[in-house]
Each structure stands twice: as C-alpha cells, then as structure tokens.
Amino acid sequence: MTTALDRAPAATVPRIVSVGTAVPPEHYSQEELLDLFGITDRRVRSVFLLGSIRQRSLVLPPAAPDGTRLRESQGDLLDKHKAWAVSMGADALQLCLKRIGADLSEVAYLCCVTSTGFLTPGLSALLIRELGMDWHTARADIVGMGCNAGLNALAVVGNWAAANPGRLAVMVCSEACSAAYTMDTTMRTAVVNSLFGDGAAAVAVVADPVNDGRRPAEGAEDEEAEEEGPGRRLEGPRILRTASVTIVDAIDAMRYDWDRDQGRFSFFLDPQVPYLVGAHVEGVVDRLLAGTSLRRDDVAHWLVHSGGKKVIDAVAVNLGLTRHDLRHTITVLRDFGNVSSGSFLFSYDRLLREGVVRDGDYGVLMTMGPGSTIESALIQW
C-alpha cells in the first residue's frame, strides 16, 4: 500500500537503527518480595499476585541482621537512583552501539530520560563522564514526565537527527523505580510496589541521506555477531509521525510527589487509570493514522507500554487488538514489570529478536503516563 507518508523525502526522515536494554542482576518473584517485606495483608498480597507479573529486577535495600530489609532514607534513595540510573543507562547505551558496530565517539547527540529521582547535573552529563564520551557531545535531559517520556524524547531525538543527517543520536531511558518505593502496608503503595521494576533502554537514531533502504535487522542479530566498521549503512524503521493527548481533567491520576506521612517522594496511581487510557486511546490512534490511508488492520506490530494488566486489557479492548498483537507488551510485563519510560523499547527489542518483521511493515509505538498523557508514533520498516 502506498500512502502520503511513503512520498516523504527519505533524507529527512529519521530511523531507529539499534536498541539495547539493561536491568540489575537480582530478580525477584512476587512471592519472594511479599516474604522479604513480611507482607501478610490479604488485600495487598492479592494486588501482587494477580497482576500478571512473574518476576522483576530490583535493587532492594540491604538486609538487617534478622533478615528483614532496612528502611532507606530519602537520601539513600536518591543515591540509589543516581548510581543505578548511570550504571543501567551505560550498559543499555553500550549494547545499543555494539549491535551496529558503532563507537561512543560517533554519538553526536545524547538525550536522557528519567523520572525516578532528581539529578543536577543531569543523567546525560553523568553518562558522558562515566563512559568517557566526547565532552562536546550535544545533550538534553527529560525529567519528570514519567512512563510516557520515552516517546516524548524519541520525538526530540528524531528531530535532531533529521536536522543533522548522517550523525548518530541516542536516547537513553534509565529508571531505578526501586529508588522511588515507599515500604508500608497501605493500598496506595501496594499498587506501586507490586508493579514497577528497574531497567534501562537505549535507541540509536540516524537520518541518513544516502541510505533509503529498509530491513528489520537492528538489534535482531546475536549480540556476539561480527560488528561492522565505520561507514556502514545503518538501517531500521522510519519514524513517520507522532500523535498525543493530554487528559488535563485527570492531571493528578498519575503522579510522583511528596508523601507527607512518609517524609519522602512516592508514586501514586489512581485506580481509574486503565479506564482513562481506554477512553482516549482510540482517538490518539485515529489521529496518528489520519491522512495516511492506513487503517488499524494495516498496522502489523503494536509496541505498547507495559503499564499493568488492566491498562493492557483496556488498550486491547478499545483498539480491538488480540493478545498476540500485544504479546511483547504482555511478556515484558511478566518478566520485568513496568520499567517506566523504557518499557516500550523492551517490547521493541523482543519484536526484533523474534525475526518476523518484513520490509514495508508498519508499527505503532504507544506509551502512557502522568499528565495524564498518551503518546504514540507510527514507524515503517
């Protein structure tokens, strides 16, 4: 099918050419977490056990002599966020570059996303120092936008790449969600503590005026595959357009703010979030596809934020999608929980590894987060 998008000049359209992900080394099942924190309340336990999550990668507080976990101060949590956001972000970035045989010296623009702690200087500056990157690397930090921020940042990175054809731009989403936990037995914290995991994801983006070919190769090969040298052709799906909605009437439905009772920052998720997403997701997709001659059935791949079982169900019902359509979103939630801004890139990585993408396929990327906001992007291989 030929659409107006296919006639856009290839030289100015950015494409995603690689992806990399990283998580902490320790993984915990939901049952293990309930036992570690001595949670016996049946209501809280049901929240943990009925959310379709099998395990998560987390950096838990140190153990006390009696085996229970120590309470972390807000300062401890900020230190954890800084250490692990840098560590995971560096790992994801280096894997992303390795998969296309690129060197850190080739990164001309670095945009970093995080919402699980506050850093000044930002994560981008810390990564440049940690990895010994060129001090002249252009950079930006997107802070506090939450789970939808990966697509907000991808639009920024794509615009930079389109304005600088042939130069490599990288986005890193690094979320130490365990650095934003409040450990108590309330239902407010139970919802959060049962859902989020630690993780980072990175994507490389290039708008190459020479390369107008397409193939589903980035990130799909074995990590140990032979790497190409400088001057290689970088290929991947074009980022064609974006669409979003900010549901201002629900601005407090998802937030990370100061919990006066606990004396620390904490997440809050309104129980109505899945219904908010469901009520607005159809309109966002219609806006995304408007004027393209594409229908939802023409979209071969749906890569949706792993926001939780009820959120995924709401998206499926309102868009008429099957569990197969959302299989990567579902399995990322199962294996990692909600890793916030980078979740959709974990799904994207799994799609590439599956090896089913064909030349010309369309895909939709979708994230949800505070605002309340739904972000979407249309891509084509």
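Modeller: The protein has ten helices and 13 strands. This is a predicted model. Along the principal axes, the C-alpha atoms fill a box of roughly 60 × 45 × 35 Å. Of the residues, 57% count as buried.

Now the charges. There are 37 positive and 48 negative side chains, and the centres of the two sets lie 3 Å apart. Side chains of opposite charge can pair when their charged atoms come close. The structure holds 14 salt bridges. Three of them follow.

Take Glu-282 and Arg-296. Their side chains meet in a salt bridge at 2.8 Å, N to O. This pair links distant parts of the chain, 14 residues apart. Glu-282 sits in helix α7, residues 273-289. Arg-296 lies in the loop between α7 and β11. Glu-282 is partly exposed at 34% relative accessibility. Arg-296 is partly exposed too, at 22%.

Next, Arg-334 and Asp-335. The closest N and O atoms of this salt bridge are 2.8 Å apart. Salt bridges that share partners join Arg-54, Arg-334, Asp-335 and Arg-350 into one network. Asp-335 has a relative accessible area of 7%, so this residue is buried, the cut-off being under 20%. Arg-334, at 32%, is partly exposed.

Last, Arg-139 and Asp-141. Their salt bridge has its closest N and O atoms 3.4 Å apart. Arg-139 is partly exposed, with a relative accessible area of 43%. Asp-141 also counts as partly exposed, at 29%.

Notes
Residues are numbered from 1 along each chain as its sequence is written. This is a predicted model: local features need pLDDT of at least 70, side-chain atom pairs count only at pLDDT 80 or more; totals for chains, interfaces and linings use all residues. Side-chain values use heavy atoms; hydrogens and water are left out. Helices (H or I, at least four residues) and strands (E, at least two) are DSSP runs, numbered from the N terminus. Buried means under 20% relative accessible area, exposed over 50%, partly exposed in between (1.4 Å probe, protein chains only). Lys and Arg count as positive and Asp and Glu as negative; His and the chain ends are not counted. The place of a charge is taken as NZ of Lys, CZ of Arg, CG of Asp or CD of Glu. A salt bridge is a side-chain nitrogen of Lys or Arg within 4 Å of a carboxyl oxygen of Asp or Glu.
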